[in-house]
Amino acid sequence: MGWAIALHGGAGVPLTLPPEGRLPREACLRHCLQLGVDALKSKKSPLDVVELVVRELENNPHFNAGKGSVLTSSGTVEMEACIMDGNMKCGAVSGLTTVVNAISLARLVMERTPHIYLAFDGAEAFAREHGVETLDASHFITPENIQRLKQAKEANRVQIDYTQPMQKKEEDTAAADGDSQTGTVGCVAVDSDGNLAAATSTGGLVNKMVGRIGDTPLIGAGTYANGLCAVSATGKGEAIIRGTVARDVAALMEFKGLSLEEAAACVVKERVPKGNVGLVAVSATGEVTMPFNTTGMFRACATEDGYSEIAIWPLTKD
Amino acid sequence: MVGWAIAVHGGAGVDPNLPHHRQEEAKQVLARCLNMGISALRSSLPAVDVVELVVRELESDPVFNSGRGSALTEKGTAEMEASIMDGVGRRCGAVSGVTTVKNPISLARLVMDKSPHSYLAFAGAEEFARLHGAEVVDNDYFITEDNKGMLKLAKEANTIMFDYRIPTVLSDTCGASVENPLQMNGLPISVYAPETVGCVVVDAQGRCAAATSTGGLMNKMCGRIGDSPLIGAGTYACGLCGVSCTGEGEAIIRGTLARDVAAVMEYKGLGLQAAVDFVVKERLDEGKAGMIAVSRNGEVACGFNTNGMFRGFATEDGFVEVGIW
């Protein structure tokens, strides 16, 4: 047993990702992993750790969360996030347009209201009441995302997100609209006492309908933590909701006695169609796993015994 | 082919001193909606259509906390949410922040059938409704005098409340809280009455479906979302079963109650009633809630750790029951 941390920057990565797309993301993953590891080493609680890591990912414009969020069909940003700790306390927000760090607002909902989930105008008003940092909506919009929206509209379809113009490839056609994208950020952590926490944040799907809510803020879908494990998922929101992905990892451990790795692999292989999901998860005993059924997933992890990994593609061919 | 089965609910947690005529009124509405569902099943309507039409009827009736008769936000408005799930393919649709759509459950159905998404909320949901010609009315339509009175009292008490109906003489029932130590969400049980609604159905083909609809918590913050529109929390359906929950929304969300019923059936091999009992016992801690469920084998079940739950059941072999306690 010891601490462990894993984080992701989105499942679904085009095989032709060029260096200018890959390098800044890898650098950010490396930086965030170090931040998280340092925090765990200085005995910060997993809840604090996942929040600070996700804040960092939100602030980085290369990932689909906070600044750099993908755009709705109206060209606006609507952000959502969720945080949960192993004691089952949780908080979630949706429909944010000016809040700089959605994950921190989710934490405030958890800690300062009798509720779990606040959305849209009500969430924005709550943010202002509590002096949470807000910026004009234009702050979150990047030229890359304006371009992505334009391309999505031209192709007339909704996308998870993508870093490339669309190209039909054999590997890509495996799952309609599910692959070849980056999207959503998340972090899970456990300390050496077995305290767990999970956090996820996103701008959602490119060209999504205004008001569309995905899996990220839904407890049990994109985010979940209990006494056994902490999970953060990424991919096609609608498929993750239907598959209650994050809850199912924990349920398989609890009800079928599977290990973390087995449970996560089972969910990714069998509960969600290929090309639609990836997740990071840690267990109370310090294990970590990062399975995905997309071509790639931006991810990083580290454990107290010295193991660490930063990767995009599968490690082994299967 | 199995026998069909249907269950409806209208809220968990009931004032034991609720006036008799109020109890009867609620039971009559449940019975009427149950009968509509039974007729639909007899004419071979698929499960997902049956749950929708039953919940529409419950929404249209002001007795329960959904659609017309919804609990009010802190601003005195109705802000409704609903979700529907079809066990066939585990397709789902949900809406939140609905303020003018006459039947939120039907909007949730439209999201499931006519949008590329699973969940739409607030302005986006309202816009989608208009795009698809859903029936819209003024927000006033949903607001009843009873609920305006409730909200006033809730504000005076300065606390979130479950939906409750003012008994004819408030002081009597509030006084009863001294003799009656039951509580939910920190409030005396004397304030609990008809609430969130839901319906679960298994049709003769063994297809399961579930639907839930609510106005939410009295005096809630605008923008507060509860369990009812959250797939896996308030509503769930898959090849094995259909589940709809009611009670303390936050406890239901944390406990992912609806999904857990199916998960223990799937992963532990429990039968329907055993799964419901397990979830109510193990997944709620201090939370108070109840649920109804059907299985693909034509079974129907319910469970609650509150003192009562408005509910009704019927199965093809003729069993019919409407109850509160």
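## A guided tour of the two chains

Begin by selecting E145(B) and K148(B), which form a salt bridge whose closest N and O atoms are 3.3 Å apart; a salt bridge here is a side-chain nitrogen of Lys or Arg within 4 Å of a carboxyl oxygen of Asp or Glu. Because they are three residues apart in helix 5 of chain B, the two are separated by about one helical turn. E145(B) is exposed at 61% relative accessibility, whereas K148(B) is partly exposed at 44%. Buried means under 20% relative accessible area, exposed over 50%, and partly exposed in between (1.4 Å probe, protein chains only).

The model is predicted: local features need pLDDT of at least 70, side-chain atom pairs count only at pLDDT 80 or more, and totals for chains, interfaces and linings use all residues. Residues are numbered from 1 along each chain as its sequence is written, chains are lettered from A and ligands numbered from 1 in the order in which they are written, and side-chain values use heavy atoms, with hydrogens and water left out.

Remain in helix 5 (residues 145–157) of chain B and select N147(B). N147(B) is buried, with a relative accessible area of 0%, and its side chain reaches the backbone oxygen of G69(B) at 2.8 Å. Helices (H or I, at least four residues) and strands (E, at least two) are DSSP runs, numbered from the N terminus.

Next, select R32(B) and D61(B), whose side chains meet in a salt bridge (3.2 Å, N to O). The pair links distant parts of the chain, 29 residues apart: R32(B) is in helix 1 (residues 20–42) of chain B, and D61(B) is in the loop between helix 2 and strand 2. R32(B) is partly exposed at 35% relative accessibility, while D61(B) is buried at 12%.

**Helix 3 of chain B**

Now colour helix 3 (residues 104–114) of chain B, where nine of the 11 residues are buried. Among them are P104(B), I105(B), L107(B) and R109(B). The buried residues of this helix pack against several elements of chain B, including helix 2 (47–60), strand 2 (80–86), strand 3 (91–98) and helix 4.

In helix 4 (residues 122–131) of chain B, select F122(B). F122(B) has a positive phi of about 55° although it is not a glycine, and is buried, with a relative accessible area of 12%. Most residues other than glycine have a negative phi. Then move to T256(B), in the loop between helix 7 (249–254) and helix 8 (257–268) of chain B. The phi of T256(B) is near 35°, and T256(B) is buried, with a relative accessible area of 1%.

**The annotated threonines**

UniProt lists T196(B) as "active site" in an unreviewed entry; UniProt positions are given in the numbering used here, feature names are shortened, and annotations may be inferred rather than shown by experiment. T196(B) is found in the loop between strand 6 (187–188) and strand 7 (197–202) of chain B and is buried at 5% relative accessibility. Leaving aside neighbours within four places in sequence, the residues in contact with T196(B) include H9(B), N65(B), T212(B) and C245(B). Contact means heavy atoms within 4.5 Å.

In chain A, UniProt places the feature "active site" (unreviewed entry) at T184(A). Select T184(A) in the loop between helix 5 (143–155) and strand 5 (185–190) of chain A; T184(A) is buried, with a relative accessible area of 7%. With neighbours within four places in sequence again left aside, its contacts include H8(A), N64(A), T200(A) and A233(A).

**A salt bridge in chain A**

Select D48(A) and R107(A), whose side chains meet in a salt bridge (2.7 Å, N to O). D48(A) lies in helix 2 (residues 46–59) and R107(A) in helix 3 (residues 102–112) of chain A, so the pair ties together parts that are 59 residues apart in sequence. D48(A) is partly exposed at 27%, whereas R107(A) is buried at 12% relative accessibility.

**The interface**

Finally, display both chains: 39 residues of chain A are in contact with 40 residues of chain B. About 3300 Å² is buried between them, of which carbon and sulfur atoms give 66%; buried area is the accessible area (1.4 Å probe) that two parts lose on being put together, summed over both. Three salt bridges are counted between the chains. Select R271(A) and E266(B) to see a salt bridge with the closest N and O atoms 3.3 Å apart. The elements that give two or more residues to the side of chain A that touches chain B are strand 4 (117–119), helix 4 (120–129), helix 6 (237–242) and helix 7 (245–256) of chain A. Helix 7 gives the most, with seven residues.

Methods: Polar contact = N/O pair within 3.5 Å; in protein donor to acceptor, adjacent residues only side chain to side chain.
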